[in-house]
Amino acid sequence: SAHPYCDNEEVHQRYSFTNSTVTHLSIVFDEESEIEILDSLDISFKYNSTTVTRSYPSVWFDDLIVPDRAFNLTFTSEYAGYYGYSFNVTPLTGDFELSDCETFANNLGRTFDGMEIQVIESPHPYCKNVLSHQQYYFTNETIDYLWIDFDSQSLIQSYDKLTLSYFDVSGYQTSKEFPYLDFINFAIPGNSFNVTFNADASFTSYYGYKFTVTPGIGEVPLT
């Protein structure tokens, strides 16, 4: 960006490396990078044929591996006066492995067949500066509900938030939010739900979350 950047900006840019030997990109931010807390920088890219977006708020700019040869950048600002952002992009070749945090942030959910119990979890301890959205769907149409059972180790910081959203028995979209210690087991009507996890940029050694999902048939248990 410009240094300092301008107010009321909306920037959309695409960067692409045409060399077919490039397998991934390393993005390393300059330590001076800083934007106003109400402004936003988003970097989006393809991962397993889906679009993943990493958002960067305020002063926390973690380096990033893009598992593709291209990415899009979106920057919106309301106020000026801050340095802005600056980063180097290094094209790389060969095999690579994403870290647990990068794999988690790039995970958009899964589709499950059958009636097997599934485990949904964050990394342990979980990652800072993550806003993840995941969708889980069981294809078996005989399923009437999904029982969510949290592991007793589940623990997040008080200002981070785990949200499970789904449709209730009347067909209205609803959600349950789990801050800090309040991990309550409950039943989700139907066969699908979404998970949103929002962790700020503070360092954490907390366990994160982990729960099992058990498909059920029959009347939805009251919780």
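User: In strand E16, which residue is the bridge partner of Gln118?

Analyst: This is a predicted model, where local features need pLDDT of at least 70, side-chain atom pairs count only at pLDDT 80 or more, and totals for chains, interfaces and linings use all residues. Residues are numbered from 1 along each chain as its sequence is written, and side-chain values use heavy atoms, without hydrogens and water. Strands (E, at least two residues) are DSSP runs numbered from the N terminus, and two of them pair if DSSP finds at least two bridges between them. E9 (residues 118-121) and E16 (residues 210-216) pair in the antiparallel sense over four bridges, and in E16 the partner of Gln118 is Val213.

User: Which residues form the covered face of E9?

Analyst: In a regular strand, side chains alternate between the two faces of the sheet. In E9, Val119 and Glu121 make up the uncovered face. The covered face holds Gln118 and Ile120.

User: Which residue in the turn between E12 and E13 has a positive phi?

Analyst: E12 (residues 161-167) and E13 (residues 173-178) pair in the antiparallel sense over six bridges. They form a hairpin with five residues between them. The positive phi, about 90°, belongs to Gly171.

User: Is Asn191 buried or exposed?

Analyst: Asn191 lies in the loop between E14 (186-189) and E15 (192-199). Buried means under 20% relative accessible area, exposed over 50%, and partly exposed in between (1.4 Å probe, protein chains only). Asn191 has 18%, so Asn191 is buried.
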